[in-house]
Amino acid sequence: MIIATAGHVDHGKTSLVRQLTGVNTDRLEEERRRGMSIELGFAYRETDAGHSVGFIDVPGHRRFINAMISGIRGVDLGMLVVDANDGVMPQTREHVQVMELLGVRERIAVITKIDRAATARVAAVRDEVLRLQPGCEVFPVSNATGVGIAALRAGLDSRAAALRTRAAGGYFRLSVDRAFVLKGAGLIVTGTATAGRVAVGDTLRLLTAKSPMAGTKVRVRGIHAQDRPSPTGCAGQRCALNLVGDVAREDIQRGDVLSDPRCVAPGLRFDARLRLLADAPFALKHLQPVKLHLGARRLQARAYFLDDTVAGHGGAVEGDTRLVQFILKEPLQVCWGDRFLIQDDSESAILGGGTVLAPNAPQWRKRQDSRLRYLRAMTLDDPAAILRRLLVEERQVVDFRDFALSFNLQAAEAEALLGSPGLAGIVRVQADTGDWLLETRRWDTLREALQRAVEAWHSSRPMETGIPQETLLLRRDASVPAPLLAAVLDGLIREKRLLRTGGLIKCATHRPAVSPLIQDAWQRLRAFLAQGGFRIPLLSEIERELKLGQKVQATVIATALQAGNLRRISPKRVALPDVLLGLAAEINRLAVRQDSFSVIEAKTHLDLGRDLTIEILEYFDSIHFTQRQGNGRRVRDAALPQRILT
């Protein structure tokens, strides 16, 4: 069990921890000289039943609120300390707000210095504390005489025995709150593990200011968990990790993240549910700069309001709840469910706190209705319930890889979700480009929409073979990823409901309809090209000789190209496949006599002009019939023209 102290400066937090553990957590010379905690302090004790109890002693002075915030997150129990003479003070209330906002639900209160106060005064302070923390257990103690310490210790031991072991699911994550070099061991980093499990020998990724995105690869050489040597460390434990890697002590700052390389990548934006304090000194404004505290990290950010309405909440701590996107000044690794707290940019007031909903949030279309419905679903407490809401009720497409990363789920944990009640009949589409989930009706809708889009193209362009695949995939709902739509299309093609012909998609029953005018123009063009033989004319020559008109000529050529009746050999010439087959046969005859031939030799053999010969050879290069080698060419595949031109 991990316990964090909270309370006003000089109310006896450090003395209380010393009474409980025998350890003075004020390790800095300045702290001992001033009699005031500045940095986080740590101490441990073992219960009679063998449970390890760790204490995080946080500073009480307002100037060190940042250290307090970084120490309070992820603990099992908050221990509010109140001086019997002073009673509840401003920092007492502020620390309670911090615990509320960071999700520390289990809390007790300790009234100290009862040896210096009358019984009536202790009772009055008890009432104050219970108004601030209704229903919490209160222990009156004296750090000087030891009165009440045994009862407090017994109460903590009882809670430690009853505490359920925290699930160590997900990939390992730890926010560093301290780093130092230990003689004979090397670099040590400490923090509270928030997810997963780590073992000696594991490779982790250390995300620092020097390497905020890719991180630095480090190996775990040793572990102390809850102040004991251990082969492993897991979620819910205070861990000290001895690291080996290309990183120095001065590269590491409080708030750097140590995580499994398979965890979600850091980003500059995340979407969140934000609860604003009802008694904040001023209202948070759209895009207002704030100081964001997440894990042990503090950084600058801006709050972008995603929703236009607010939901009111009662109570002394909660005010309005908003969906917000935080735009960060530095990259940060976050996962769904991470708790955070915000202050104004000058750090003079706590404005609110909340929960991460979506890491690496989109910069564009972030306020679209489908996105807001997605985020509202993400406010549920259970990943399986969220999937049911998104897939069955909202009928949204879920990127399952992104979903698993957002929740920091290991592969087996993600797969297990799919067996949850209410998720029967979900279609899963797996491809190299992604892994998507969607409800059966949505799947059928996508298939029918593609089919109808192709049919509509045929209806509006009856003379064309089909719609270019790129054009078809661009005509999609923005909420449907293009790779998913491509996978849906591949399924329709496998079923032969649609056909793919040279990059064009067509219905299986479609035959291009050509008007009599175009049919007549095609007959004239084909005869003209056949008559010319190997002397393939320029498009301008065709226009001058046949006088079809630019629009008709362009239509007949486009129709013939799509049908495969013509081949474009350059921007200025088209040719009949039979003519190209004849030219290929002549090139094969030329190549039989010599390993390599030049443009001049091909020109002479074909009895054609130099420009036309070059265009023909470059076309043959493009289909891999011939290959250029310096100033010469060779035949790569003599049979290829017959295969692709017939």
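This is a predicted model: local features need pLDDT of at least 70, side-chain atom pairs count only at pLDDT 80 or more; totals for chains, interfaces and linings use all residues.
Residues are numbered from 1 along each chain as its sequence is written, and side-chain values use heavy atoms, with hydrogens and water left out.

**Stop 1: salt bridges**

The structure holds 32 salt bridges, a salt bridge being a side-chain nitrogen of Lys or Arg within 4 Å of a carboxyl oxygen of Asp or Glu. Select K291 and E347: their closest N and O atoms are 3.9 Å apart. K291 sits in strand β17 (residues 288-294), while E347 is in the loop between β21 (339-344) and β22 (350-359), so this pair ties together parts 56 residues apart in sequence. Helices (H or I, at least four residues) and strands (E, at least two) are DSSP runs, numbered from the N terminus. Is K291 buried or exposed? With 12% relative accessibility, K291 is buried; that word means under 20% relative accessible area, whereas exposed means over 50% and partly exposed in between (1.4 Å probe, protein chains only).

Next, select R297 and E330, a salt bridge with its closest N and O atoms 2.7 Å apart. This pair links distant parts of the chain, from R297 in strand β18 (residues 297-305) to E330 in strand β20 (residues 318-332), 33 residues apart. R297 is buried at 13% relative accessible area, and E330 is partly exposed at 33%.

Now move on to D490 and R500, whose side chains meet in a salt bridge (2.9 Å, N to O). Helix α13 (residues 482-494) holds D490 and strand β27 (residues 498-501) holds R500, so the two tie together parts 10 residues apart in sequence. Both ends are partly exposed: D490 at 31% and R500 at 39%.

**Stop 2: a buried threonine**

Select T192 in strand β8 (residues 186-195). T192 is buried, at 1% relative accessibility. Its side chain makes a polar contact with that of R238 (3.3 Å); a polar contact is a pair of N or O atoms within 3.5 Å, where within protein one must be able to donate a hydrogen and the other to accept it, and residues adjacent in sequence count only if both atoms are side-chain atoms.

**Stop 3: the largest nonpolar core**

Show L525, L566, L583, I587 and F620, which touch the most other members of the largest nonpolar core, a group of 41 residues. Such a core is a set of buried Ala, Val, Leu, Ile, Met, Phe, Trp, Tyr and Cys residues joined through side-chain atoms within 4.5 Å. Which element gives the largest share of this core? Helix α17 does, with eight residues. Buried residues in α17 include L580, L583 and I587. Now centre on F620: leaving aside neighbours within four places in sequence, F620 is in contact (heavy atoms within 4.5 Å) with L580, L583, A584, I587, F625 and T626.

**Stop 4: a three-stranded sheet**

Finally, find the open sheet with the order β31-β33-β32 and antiparallel pairing. At its edges stand β31 (597-598) and β32 (626-629), each with a single partner strand, so one side of each has no neighbour in the sheet. Strand β33 (residues 632-635) pairs with β31 over two bridges; two strands pair if DSSP finds at least two bridges between them. Select S598 to end the tour: its bridge partner in β33 is G632.
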